[in-house]
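Please look over the protein below, working from its sequence and coordinates.

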Amino acid sequence: MSRTSGTGGEDRRPTRGATGTDREEPPIRRGATGAAMTLRLVRKEAGGDLPLLACLAVLMLVLTALCAWAPAVAGRQEDKALRQRITVAQTGAPLVSISATPEIFHDGAPPSIDMATLLSDGRTLTSGLGRSAAQHLTLADSGSYDYNQGSVSSPDGPDSAITSTKLALSHLPQAGSHLHYVSGHAPADRTPVGGTPQIALSQASAQAMGVRTGSRLGLDYKPVPGAQQQPPHVELLVSGVFRTVAGTDGFWTGQATLVAPSRYPEERSAGTVLAVRGLVGTDAANTLAGAGIPGPLVTWTLRAELPHAALDQARALTGPLAHYGADLNAERCQGIDPFTGQSRCQIGDQFTDQFVVSDALTPLLAAFTAQDHQARALASFAVDSLAAVALATTAVAVRLLLRRRRPHLGLQRARGASTARLVLLRGSVAWPVVLAAAVLGWVAGRLLAPDGTSGSPEPVPAAVAVLTVLLVVPLLTWFAVREPAKRRHRPRRSRRRPALGGRRVVMELTVLLAAVAGVATLRSQGPDWELGAVPVVVALAAVLLLLRIYPLVLRLVAWQTRRGRGVVGFVGVSRAAHDAPATGLALFVLVLTLGTAVFGGLVQRTIDDGFATGAIWSTGAEAGATVAGNTAPAPGSGTPGIRTAVQQLRTLDLMGQADGAELSTAAVVSVDPRQLTAIAPHSALARTLLAELTAPPRKVGDFSYRIPVLISPDLRARERTGSFTAVAPTPELGNAPTQLNLDPVGTLTTADTRDPLLGPVTAQLPAGTPLLITAAAAEQVMPPQPSGSTVVLLQGTGASLVKAATLRAAAAQALGPLAHTRIRSEELSALRDDGLTKGLGTIYTAGSALAALLGLLAVALELVLTAHERGRTTSFLRTLGLGGAGAGAVNVLQLLPLAAASVVGGTLLGLLEPRLMSDTLNLRQFTGGPAQPVLRTDYALTVGLVVGVTLLIVAAATVETVLARRRRLGAVLRVM
């Protein structure tokens, strides 16, 4: 048989294929028929590589489909979470409102106003936002208005201590669903010409004024300077008396005088003023304006509606909304009002003063954007880890494909085929499959992706994934066909391969430095989506360290087992140490997959545990009720089975007693330590207050008292020694103000200031406000403040939780219907149902599951790739008389170190990585509470993952053992 070499020769010698059978290789031809022969060769190559090409196609299809489908699904979850936040916020109070005061005096004409038309024309105010933004903000109601207080001239009230009565008027269309009339009816919206405007009063207000349905009220206002000489007067008819209906939407919050009258000292006299507020109809303002009463403050509330792509719409809305007030005044205001000296604006035919826009939507969107940014950064860790696992799986599949073709590639190279020709040949086989799968995956992902979300398909990551896979095939092929040539020309003395070792050291140092730099960047600026690849680099660095360490450990173990009588342990451990570098890719996949799953479990467990802290921080106990102003709970308002603790919040301007230097505005909280200890017996703060606040306030002079207090650490840092002084107004007018000497008897710890008992109080304070706590006895010498607040904590006495309705009823009984009550169980449910945190958990769960499947495929392919070497060892031992049990033990011992190394590396990676960046991992955004939640490891998940990896390796060893036992002697000898 002759062999012809050269560019045009051919060789039809039969060769042994990968399956062990003889087959005839096609000739390598050049010339006119080269292209045809290459196509025929490509078809033959593809036919033999169908299983692995199918594997590459599946990987490519999954990656591109995820790039097209996953962003839209994630955007839908973000939109749902944002709409949920907006709905909850709008339930309690309007997010955006526009206010203005209409002019009733204009160019010498009689005072007049058409309130119905003015309220209707308010719909045109949203046009200043622009069409794209205005369609997302709609009027929540027809508008409302509020008059300042006027003096009630008749009738006289039943209480002789009341020297004067002040009445404010409000038109609130939305109040109808929050009250019930016990007599009469709601005030009419249309007042007949020459008729009397109607007013409705609450039961408490009607009793305090001594009126009932059908009574008439005389109301006087101060004259407008330069426009009136006599005080304008108007009569009102009491059309009905109502009582409020308690609800959970917080409608009555801030409507104190509408529900119940308030009393305060009258200026420059010893009398008492009764302040009352009533409801009027729409056209009551017309009659009041005709009587010369100055115009009311008109308010239009806007409701945010983001039905589709809420996050994108919110971003488009934030810009116009930020300068909406300035744009509105610039568009509608011209000239100066001669009476007020302010700009004169116009809405329809009515002149007003400047428009004031109240915007609570922009801060809400800013807070959500910050949380969403944090959630995306955390999610990027799982996404990038999944991409790295998929790429590693692709590399393993290509390596296995090239291993199957190694004899064929060697033969083609020996016949004269160039490296470029072989690389192009392998690429021409794989590239059409990869491109077809990528297109199919992208189309399928686009078809399955939901429409109308803020997320959109990501073509750039998809293109990068396709390009990477397309490059993996030629690069690995080039390395496979080029390496033998380098070995043939290498001198015999270079067996230690110092150059290769040097390159490995440089590569390892580069990866380690990149990992350190990535972790340092995370600690300095926090997680960001651009830094999502840091866990991948850290995992690669951990694998490189493991590949350096655990072979040495195995050699030490092998040296110990060499002294034993059996050879199973020695051979198994020695082979594991020898094969460690070859299993590096499988080790990387296992470490990264396990580390990402442990990391995700830790984040989810930390957030879930933090929910409980955030919920109790917002309520203080089982429930917390808050009302504006310092007020004592109603006597006899206790509910059986529920303990209560009252906290009074005041703000005072502090000065240093030694030098009189002004320090800052501080919050003073007065509590009963015994009440706090009763509802929270395990609270360190309650025990500290009970032990320290034992002395009562002492009178040290006329209107001067010394009050023992505990102060916050930041306040003690400002004033190392000495006490503080503060001046508080006294309710007894005509006397000197009350002088308060606040004497610190101790300093609170940081843990004390973060005690949940203070949560409802500190939630009302700006960040960094100094805090002082004193005993409830000090309330007798500290005057009440309208700007303060009263908090009542409620806790059940039994082991079982009290029903929410019972707690809410007890809070309303103690503080009245104005109390804003928050129930811990409801707050906890709201936190757990938040769409943003649920979406983050879904991403980690789905990403970890998909990464585990791809990792399982990668490990299986890697074990197939290295199965030949293990099979040779087992066959050799069997020919020497080793039994089946011993051969199985050798297989297990060869693979168990891989499982142990991956378990150790993956677990440490998942546990240490979040702790390395704990200072910047802001999980408090999701949980609330006073501080960052403590990182909690999900031990059940971690143990389950460790057991799963171990079982996977043991199962692989068992399968190889079963297959080895079925081989006959001839097969064993051929493997050798």
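Which side chain meets that of Arg376 in a salt bridge, and what is the N to O distance? The side chain of Arg376 meets that of Asp372, at 3.4 Å from N to O, where a salt bridge is a side-chain nitrogen of Lys or Arg within 4 Å of a carboxyl oxygen of Asp or Glu.

## Basis and confidence

This is a predicted model, in which local features need pLDDT of at least 70 and side-chain atom pairs count only at pLDDT 80 or more, while totals for chains, interfaces and linings use all residues. Residues are numbered from 1 along each chain as its sequence is written, and side-chain values use heavy atoms, with hydrogens and water left out.

The protein chain has an average pLDDT (the predictor's confidence in each residue, from 0 to 100) of 80, and 83% of the residues score at least 70. Confidence is lowest in strand 1 (residues 14-16), with a mean of 43, and highest in strand 9 (residues 198-202), with 95. Over residues 1-32 the pLDDT is below 50, although the model gives this stretch 48 contacts beyond near neighbours in sequence, a contact meaning heavy atoms within 4.5 Å. Residues 484-499 also stay under 50, and for them the model has three contacts beyond four places in sequence. Where pLDDT is low, the predicted coordinates should not be read in detail.

## Overall make-up

The protein chain contains 29 helices and 28 strands, these being DSSP runs (H or I and at least four residues for helices, E and at least two for strands) numbered from the N terminus. Of its 976 residues, 47% count as buried, with buried meaning under 20% relative accessible area, exposed over 50%, and partly exposed in between (1.4 Å probe, protein chains only).

Among contacts in the protein chain with a separation of 6 or more, 79% are between residues 24 or more positions apart. The chain exposes about 46,500 Å², of which carbon and sulfur atoms supply 59%; accessible areas come from the Shrake-Rupley method with a 1.4 Å probe, and for residues only the protein chains shown count as cover.

## Salt bridges

The structure holds 13 salt bridges. One of them joins Arg85 to Asp834, with the closest N and O atoms 2.7 Å apart. This pair links distant parts of the chain, 749 residues apart, since Arg85 lies in helix 2 (residues 50-92) and Asp834 in the loop between helix 24 (824-832) and helix 25 (835-879). Arg85 is partly exposed, at a relative accessible area of 21%, whereas Asp834 is buried, at 9%.

Two other pairs lie within single helices. Arg376 and Asp372 are four residues apart in helix 10 (residues 361-404), and therefore separated by about one helical turn; Arg376 is partly exposed at 41% relative accessibility, while Asp372 is buried at 5%. Both belong to a network of salt bridges that also links Glu78. Asp312 and Arg315, whose closest N and O atoms are 2.9 Å apart, are three residues apart in helix 8 (residues 310-322), again about one helical turn. Asp312 is partly exposed at 33%, and Arg315 is partly exposed at 45%.

## Two buried strands

Strand 13 (residues 272-280) has eight of its nine residues buried, so it is largely enclosed by the rest of the structure. Strand 13 pairs with strand 7 (residues 162-171) in the parallel sense over eight bridges, where pairing requires that DSSP find at least two bridges between the strands, and Ser164 stands opposite Val273. Strand 9 pairs with strand 13 in the antiparallel sense over two bridges, with Ala200 opposite Leu279.

In strand 27 (residues 789-796), eight of eight residues are buried. In a regular strand the side chains alternate between the two faces of the sheet. Here both faces are covered, with Ser789, Val791, Leu793 and Gln795 buried on one side and Thr790, Val792, Leu794 and Gly796 buried on the other. Strand 27 runs antiparallel to strand 19 (residues 623-628), to which six bridges join it, and Val627 stands opposite Thr790. Eight bridges join strand 27 to strand 20 (residues 642-656), also antiparallel, and Thr644 has Leu794 as its bridge partner.

## A helix with a buried side

In helix 11 (residues 406-414), the buried residues include His408, Leu409, Leu411 and Gln412. These cover an arc of only 160° around the axis, which puts them on the same side of helix 11; the arc is that of the directions from the helix axis to the C-beta atoms. The face turned away from this buried side carries the exposed residues Arg406 and Ala414. Just after helix 11, Gly416 takes a positive phi of about 110°.
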